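Below are my notes on this model, as numbered points. They start with the chain as a whole and then go through selected elements and backbone details.

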Amino acid sequence: MQANNEKMRAMVLHQIGHPLIPTAIDIPIPDADQLLLKVIACGICRTDLHIVDGELPHPKLPLVPGHEIVGTVVQVGQNVKAFKAGDIVGVPWLGYTCNQCRYCKRHQENLCERALFTGYTMNGGYAEYTVAYAQYCFPMPAMYANAAGAPLLCAGFIGYRSWNKIRDDAENIGIYGFGAAAHILTQIAAFKKKNIYAFTRRGDSLSQMFALDNGAKWAGDSNTHAPVKLDAAIIFATDGNLVPIALRNLEKGGQVICGGIHMSDITPFPYSYLWEERSIQSVANLTREDGELLLQVAPQVPVRTTVRLYSLEEANDALNDLRAGKLKGAAVLVL
């Protein structure tokens, strides 16, 4: 990656398991297929924690994390035709795909063999500027061209991909782990006249109230039985113990969708939980179509994101608050 001699503020991960360090680094220059963006806001995602804590291996180091970026186009690479200076775009986790491998050719670009990931294998948005490949930049609807739009770019995209794995005729849907993704998805579910049953950590009454406020039909502890048999369940929490619990709550033919990029080991469970054509499926990354669909439906609902704002230099505080479960909705760095 080229760089010029102008400097910018950034929060940089130099060593796994250690806090980010405020650093002055060069403002990057976009390649022919990239955009240079001035960052407006960057969401804090649980995946950022997995990277910082070493649960996702082999990140680029030193690394500028952050993959829920809303930014203004400052400079356009010579091959880019879809964007111009002044456009406001969103940048998600999946940052580059090759368009040549077997997965890309069969419309599974989310599994690309040569993929690059924003804020993981390429620098992200915990900085004043960043570069991003135009193929994975999304024009932001006006109501989301600000900090409120940042959580849509991962929590929203991955949540909506998880949602689209569920059969259209599913009516009673469980969500395990009620954070950024769940509060977006619950609003969409209510808009589509579906019933959401929200499961949180035992005794987490604040998250349960938050779920009800966002349109859930019921909210309770994750270790309890659902008040009805569920047609499907989406797990956003990182606890593998929840997979057999969710299976146990399903109707025949029900689906468990694992929406996180990392989860602790799944505990053993009797085959009877899976019997009668229940299924478990993971969701990996996103496709461009996922992003386009979510950004079409969100203004129709309209989705209202709940965000807590932090300055760039407060990135470690935001990560710690997420780790400790102190957030309602999503944390967002604003520049």
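1. Of the 335 residues of the protein chain, 55% count as buried, where buried means under 20% relative accessible area, exposed over 50%, and partly exposed in between (1.4 Å probe, protein chains only). This is a predicted model, in which local features need pLDDT of at least 70 and side-chain atom pairs count only at pLDDT 80 or more, while totals for chains, interfaces and linings use all residues. Residues are numbered from 1 along each chain as its sequence is written, and side-chain values use heavy atoms, with hydrogens and water left out.

2. Overall dimensions. A compact globule with 335 residues would have a radius of gyration near 20 Å, and the 20 Å of the protein chain agrees with that. The radius is taken over C-alpha atoms, and the globule rule is 2.2 Å times the number of residues to the power 0.38. Along the principal axes, the C-alpha atoms fill a box of roughly 60 × 40 × 35 Å. The accessible surface comes to about 14600 Å², of which 50% belongs to carbon and sulfur atoms; the areas come from the Shrake-Rupley method with a 1.4 Å probe, and for residues only the protein chains shown count as cover.

3. Secondary structure and contacts. The protein chain has eight helices and 17 strands. These are DSSP runs numbered from the N terminus, with helices (H or I) of at least four residues and strands (E) of at least two. Among contacts (heavy atoms within 4.5 Å) between residues at least 6 apart in sequence, 69% join residues at least 24 apart.

4. Strand 17. Four of the five residues of strand 17 (residues 330–334) are buried. Strand 17 pairs with strand 3 (residues 34–44) in the antiparallel sense over four bridges, and A41 stands opposite V334 there. Pairing requires that DSSP finds at least two bridges between the strands. With strand 16 (residues 307–311), strand 17 pairs in the parallel sense over five bridges, and R308 stands opposite A331. From strand 16 the chain passes through helix 8 (residues 315–323) to strand 17 in a right-handed β-α-β crossover. Right-handed here means that, with the strands pointing away from the viewer, the path from the first strand over the helix to the second runs clockwise.

5. Helix 5. Which residues of helix 5 are buried? They are S207, Q208, F210 and A211. These residues lie on the same side of helix 5, because they cover an arc of only 160° around the axis; the arc is that of the directions from the helix axis to the C-beta atoms. They pack against helix 4 (180–191), strand 11 (195–200) and strand 12 (218–221). The face turned away from the buried side carries the exposed residues L206 and D213. After helix 5 comes G215, with a positive phi near 115°.

6. Q208. This residue lies in helix 5 (residues 205–213) and counts as buried because its relative accessible area is 15%. Leaving out residues up to four places away in sequence, Q208 touches T200, R201, A219, G220 and D221.

7. Helix 7. The buried residues of helix 7 (residues 288–297) are D290, G291, L294, L295 and V297. Down the axis of helix 7 they fall within an arc of 165°, so they line one face of the helix. Their cover includes strand 9 (138–139), helix 3 (155–164) and helix 4.

8. T47. This residue belongs to helix 1 (residues 46–52) and is buried, since its relative accessibility is 9%. Apart from neighbours within four places in sequence, T47 is in contact with L56, H67, W93 and I261.

9. Cis peptide bonds. The bond from L61 to P62 is cis, with omega near -10°; P62 sits in the loop between helix 1 and strand 4 (69–76). The bond from V301 to P302 is also cis, with omega near -15°, and P302 sits in the loop between helix 7 and strand 16.

10. Positive phi outside glycine. K193 is not a glycine, yet has a positive phi of about 65°. K193 lies in the loop between helix 4 and strand 11 and counts as exposed, because its relative accessibility is 72%. E276, not a glycine either, has a positive phi of about 70°. E276 is found in the loop between strand 14 (250–258) and strand 15 (279–282) and is partly exposed, at 29% relative accessibility.
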